[in-house]
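Colleague: I am new to this model and would like a close look at one part of it. Please take one residue and describe its place and its surroundings, then do likewise for another.

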Amino acid sequence: MSESVHPSQCWECNTYCGSLITMRDGQVTKIGPNPDHPGSKGAFCVKGIRAVREWTDNENRLLYPMRRVDARGSGEWERISWDDALDEIADRIAAIRTEYGPMSIAGAVSGAAFSRGAVMALLMRSIGSPNWMINQDLCGGCQALSEKLTGIPMKNGEDIDNTRCAMLVGRNPYAADPTQWRALKALKKRGGRIVVIDPVKGPASDLADIWLRPRPGTDAALALSMAHLLVKWGKYDSAFVAQWCHGFDAYKDRIDQFPPDVAARLTGVPAADIVAAAEFYSEGPSVFVPGHGIDAFSAGVQTFRAFDCLVAISGNLDRCGGNRLTKKPKGFRTYLDLIHDPQFRLPIEVERETIGAAQFPLWSGPEGWQTACHNPSVINAVLTGQPYPVRGMYISGVNIVVTYPDAARTIEALKSLDFVAVATQNLNPTSAYADIVLPKTTTLEEEEVQLIWGGPCIGYTNPVLSPRGEARSDLAIALGLRDKLAARDALTADFLPWADQRSFNEFLLGESGITMEELRVTGFAEFPYKLGNFDETGFATTSGKVELFSQKLDSLGLDPLPNYVPPTADAASEEEQNQFPLVLLTGLREKTYHHSRFRDQAWARRVSPDPIVQIHPETAAVYNIDDAEWVSLQTAGTSTACRARAQLTENTPRGVVATGMGWWEPLSDDPEMGAREININGAMSYGGPWDPVTGSSDSRGRRCRLSPA
Ligand code: SF4
């Protein structure tokens with residue numbers, strides 16, 4: 001028996017931990033951390049150890065293409081060959097394309113943090129459609145757009161290892177990021193400061209030197225107030241501001257509107273605590289560690305802008321112990337680079353027709369971050385034909401019935417389409433409404449190359465296993481479909497000029513000098529990285545500087561300065577406040593699951609068997625809710641409710657309830673598999689209010705009510 005160890009990288013969440021995969025006789029016997037990986041430095045989590053293997057070996061895994069043989073949602077399928085599946089998909093797409101035009105075909109995928117996102121975009125463009133949906137309006141999009149507008153891409157560049165003060169905002173690294181959690185514990189041990197801003201108490205606030213507990217959705221006021229204090233105390237980086245920041249005078253006028261007493265009134269945080277947090281943060285190097293708690297809501301970009309500008313003026317940008325800027329090896333292409341590469345673009349007049357581009361031009365269309373659609377507008381187009389019909393959809397690796405708010409409307413849209421194909425590893429509430437389902441590979445069967453911002457390094461995912469059954473990668477599926485469409489004269493262009501995954505990956509490596517052979521041996525490749533070389537890099541904004549005053553936002557008639565936007569829960573009418581007296585948070589993280597995945601794994605279900613909703617005991621008493629009791633949860637603006645099990649805890653403030661997302665019931669015979677019943681998105685609207693930049697809907701901060709179920 002031979003045993004071998006293969007350096008790789010876990011791809012199951014955006015932490016991208018380096019891994020070591022042990023193989024014996026062609027089987028994976030162990031997956032564990034790679035202590036040499038420059039990003040994760042030996043951190044890892046149970047999902048990487050257990051979930052990926054079970055995801056691959058799962059007895060319920062989809063192994064062959066299948067065709068639906070009864071009504072949508074009937075659960076009746078027949079096995080077909082790949083050739084038949086691709087022929088049928090190509091026939092149906094070609095017919096819809098002829099009748100309604102290329103733009104009536106839309107894709108759906110998680111996003112361009114993974115190669116499948118880039119492949120989906122290029123496949124849709126090859127068909128002639130600029131329309132593809134991503135998940136980032138619900139996850140990280142506000143952060144990305146704020147950083148883009150401010151000119152400081154710094155996601156995952158938090159240098160906690162070298163900082164004196166870490167400021168966590170809406171972040172639960174204990175559950176979401178083992179690399180950050182390890183670094184925070186080390187920071188605490190060496191006497192550094194930890195500031196936590198979060199309405200919910202948790203392991204991070206337990207570790208903190210100071211914990212600020214703002215009312216949900218008011219965090220921006222804290223950042224603006226801290227910036228005001230730093231400038232007032234002269235503890236900001238005036239040299240950096242003078243040389244590299246645009247719009248400081250206007251910015252100063254704005255932050256001066258937020259002295260601590262004003263911020264205290266808006267947030268509910270005592271003014272003295274705001275001052276104390278600002279003092280800690282001013283004694284840098286300090287690092288801003290954001291989480292989804294301040295993303296994916298209708299003031300997400302402004303909230304991130306408030307913190308991003310604080311990072312910039314405080315001198316913590318691209319500094320040892322601060323927030324590093326994203327850099328890459330010369331000649332290397334990221335997935336985002338592919339999407340924006342002129343050789344893979346549709347004519348600009350076509351891209352301007354991207355659904356959502358008219359209302360959210362910085363999110364959708366030619367100027368958009370990923371160019372992708374505004375999802376709720378696509379769902380609307382399916383159901384109303386406005387601004388034009390969408391009649392066919394190809395969905396890959398994303399369970400949109402579960403992950404998009406308003407599951408009922410997503411189901412209605414899928415049911416009404418002329419054709420739906422879904423590529424997936426397992427049948428789920430989204431594939432239930434497909435005409436054809438296609439088996440996808442898992443991350444143990446795929447070879448991927450990617451820029452790891454946190455390393456920084458180029459990471460490598462090693463395909464240690466051959467695909468199970470007849471599973472194929474996203475690129476292999478797209479290439480097969482492209483060929484079938486070409487045979488039907490149903491392509492606008494061929495934006496997939498690669499023969500296979502290896503040549504795709506070599507295209508990404510480009511002229512970087514990094515080779516596939518090197519990556520296979522090490523699992524990663526580090527590259528030279530200079531801090532603070534602003535003279536060389538500049539800033540990708542209109543002014544070429546960090547834009548405290550965003551010229552792009554100004555040109556669109558949006559507030560060019562970071563600002564506090566009152567939470568929508570505050571703006572509700574008195575009647576609505578009476579009917580929906582509580583405020584809902586939906587970002588509760590669990591170590592067992594990632595979004596909607598791994599829900600059928602026995603170990604995970606043992607640890608987290610039911611969706612929970614956390615309630616303060618005094619709030620629960622008002623509504624006669626007992627601990628562990630099933631409750632019905634309904635939000636303002638929707639008529640449907642979902643169920644969750646009450647967990648009484650003082651971690652959640654009075655008047656606020658907190659739950660997680662992604663729940664469904666994989667073992668259910670019902671086609672919806674609980675996607676409406678036990679999933680918070682069954683009780684949420686996707687219909688706004690939307691962030692004016694990203695179009696993000698309020699995934700948290702909505703008004704809600706509870707009652708015993
Ligand atoms: S945190 Fe866990 S799931 Fe995410 S990349 Fe690391 S090991 Fe994988």
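Modeller: Ala-641 lies in strand E23, residues 641-648 (strands are DSSP runs of E, at least two residues, numbered from the N terminus). This is a predicted model, in which local features need pLDDT of at least 70 and side-chain atom pairs count only at pLDDT 80 or more, while totals for chains, interfaces and linings use all residues. Residues are numbered from 1 along each chain as its sequence is written, and side-chain values use heavy atoms, with hydrogens and water left out.

Ala-641 has a relative accessible area of 34%, so it is partly exposed (buried is under 20%, exposed over 50%, partly exposed in between, with a 1.4 Å probe and protein chains only). Not counting residues up to four places away in sequence, Ala-641 touches Ser-632, Leu-633, Gln-634, Arg-676 and Ala-683, where contact means heavy atoms within 4.5 Å. The C-alpha atom of Ala-641 is 9.0 Å from that of Ile-678, 37 residues apart along the chain.

The other residue is Glu-446, in the loop between strand E15 (436-439) and strand E16 (448-452). Glu-446 is buried but has no salt bridge (a side-chain nitrogen of Lys or Arg within 4 Å of a carboxyl oxygen of Asp or Glu). Lys-440, the nearest side chain of opposite charge, is 4.8 Å away; Lys and Arg count as positive, Asp and Glu as negative, and His and the chain ends are not counted. Leaving aside neighbours within four places in sequence, Glu-446 is in contact with Thr-441, Thr-461, Asn-462 and Pro-463.

Notes:
Helix = DSSP H or I, 4+ residues; strand = E, 2+ residues; numbered from the N terminus.
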